[in-house]
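Subject: Structure handover

Dear colleague,

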Amino acid sequence: MRLGAVRSTLMRVLGVNALISHLTKEQRIFGGPWYGEMSASGQRVSVESAMRLSTFAACVRLKSQIVSTLPLKLYRRTDKGREPAPEHPMYRVLCKSPNAEMTPSRFMLMVNASLDLRGNSYTEKLRIGPRVVGLQPLLPQFVTPKRLDSGRISYEYQEPGHAKRTISSRDMMHIRGFGIDGESGLDPVALGRDVLGAAAAADESAAKVFAQGLSASGFLSAEQKLTPTQREELRASLAKFSGSTNAGKLMVLEAGVKYAGVTMEPERAQLLESRSYGVEEICRMMGVPPFMIGHMDKQSSWASSVEGMNLVFLVNTLRAILVNIEQEISRCLLDNSDEYYAEFSVEGLLRADTAARAALYSIALQNGWMSRNEVRRLENLPPIAGGDVYTVQSNLIPIDKLGAVDEAAAARAALQNWLGTLKSDLAEASQSIVGNTPAPHVTVNMPPMNPPDVTVNIEPAVVNVQPPNVQVDGSVIHLEPYIEAKLRGQRTRTKYTRDASGELVEAVTESEDLNEV
């Protein structure tokens, strides 16, 4: 009779509660002692026995913990891209508190552990009226999905010691792992039972070598048979040379007694090779690079940097998991909305070293696809005033504009030429106004314009120059600056106009008696 039939008979005769009343918490979560299938190595493999393998447990823990630490955010699509959607009723449930006892990280850890251990994750929606106010993850081994005549799926859930209850698909978020029927994910432990069983057999063999194998450090051989008394005397004599405190002492052997040392070599029995191969096989089954769980052999095929290794893991393993969860959230919790969607933030996994981040930020800032405050936000720094402005290099022009006349560039060149001769004009005007009197403060007032302010120092006067608005009209550039000075109740203002070559076209001076004002 098959084990499954025996188990079913016992459960019917004794009752489920009587059979499971002695289970520990771990057995309740991972499965009781009657669970598991026989592998080719003769080891019975269940979730509980698989979690005793350090490699399998490390892979499950690594994947679950990494996904659980990635921020999950709810966004709303806008004309300009996207923005957080805290106004959505599911924002608090997904991003703040799925239920009264769990944080988002702990909730997502259980979801991913269920996928790795059982191939399915079941989460019940907690409602107040029609509104979903919480999410309660369920132990997947106690959930049985059933296809109804209507085509929809319902779920029967019965924990040990509790009554069976039916949950409709409307109130269940069912995230499926790898599968082929679209109804349920396949059990990873059952699929990999031979791999896990071989690793368990290798561990058991190694343990028995140390527990029951011969571990003597050496042998004494004599040419003739020794009496029991002689054996004890010889053993007591040799004890004086045992231990680290007696190292280096000279040992005397009598009556033809010879000593032969013994060295245990597990490699000859291929224990170490078998266990190392088992680590790689389990990592291959779980989609985890061996170095991530501490197995550092044969890493030549992996990327040479931590960032590259994380990228390989993200693309080949985590990406499928994250997209699966995001799409199930959209289907089950957001009603396949076109406006709202959930997304994991994976930037933390791709965080590079300081030099690489500096190079990336420099390129982003120079090409205008990131602002300074966005860079500071990624570096956990506070925003600065004016940091939301996007900037680009001014010498970048479209390729089809090469060789074309740029009126703005021509105006800029004319302005620079004008500023080059402005210093002498200001000095002359300052001398005519001031004479031999100590220099007043002379100010050149112009409308604001980029490039930045220019300061021209004229001895003995100080002149502050701001670039004017420039208008190109044929060969004449209209700058319309003026120089104004106040001295002994007299205000004098001189306006200058120059052509594109910098030659003075016109200089008009106006005087005003301030005492009459």
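Predicted model: local features only at pLDDT ≥ 70, side-chain atom pairs only at ≥ 80, totals over all residues.

Residues are numbered from 1 along each chain as its sequence is written, and side-chain values use heavy atoms, with hydrogens and water left out.

The structure holds zero disulfides, a disulfide being a pair of cysteine sulfur atoms within 2.5 Å. For Cys283, the closest cysteine sulfur is that of Cys59, at 4.1 Å, which is too far for a bond. Cys283 is buried, with a relative accessible area of 2% (buried means under 20%, exposed over 50%, and partly exposed in between, using a 1.4 Å probe and protein chains only).

Across the whole structure there are 15 salt bridges, each a side-chain nitrogen of Lys or Arg within 4 Å of a carboxyl oxygen of Asp or Glu. In one of them, Arg275 pairs with Asp203, with 3.0 Å between the closest N and O atoms. This pair links distant parts of the chain, since Arg275 is in helix α11 (residues 271-286) and Asp203 in helix α9 (residues 193-212), 72 residues apart; helices are DSSP runs of H or I of at least four residues, numbered from the N terminus. Arg275 is partly exposed at 38%, and Asp203 is partly exposed at 27%. Finally, Arg76, Glu83, Glu87 and Glu339 are joined in a network of salt bridges.

Best regards

Conventions
Helix = DSSP H or I, 4+ residues; strand = E, 2+ residues; numbered from the N terminus.
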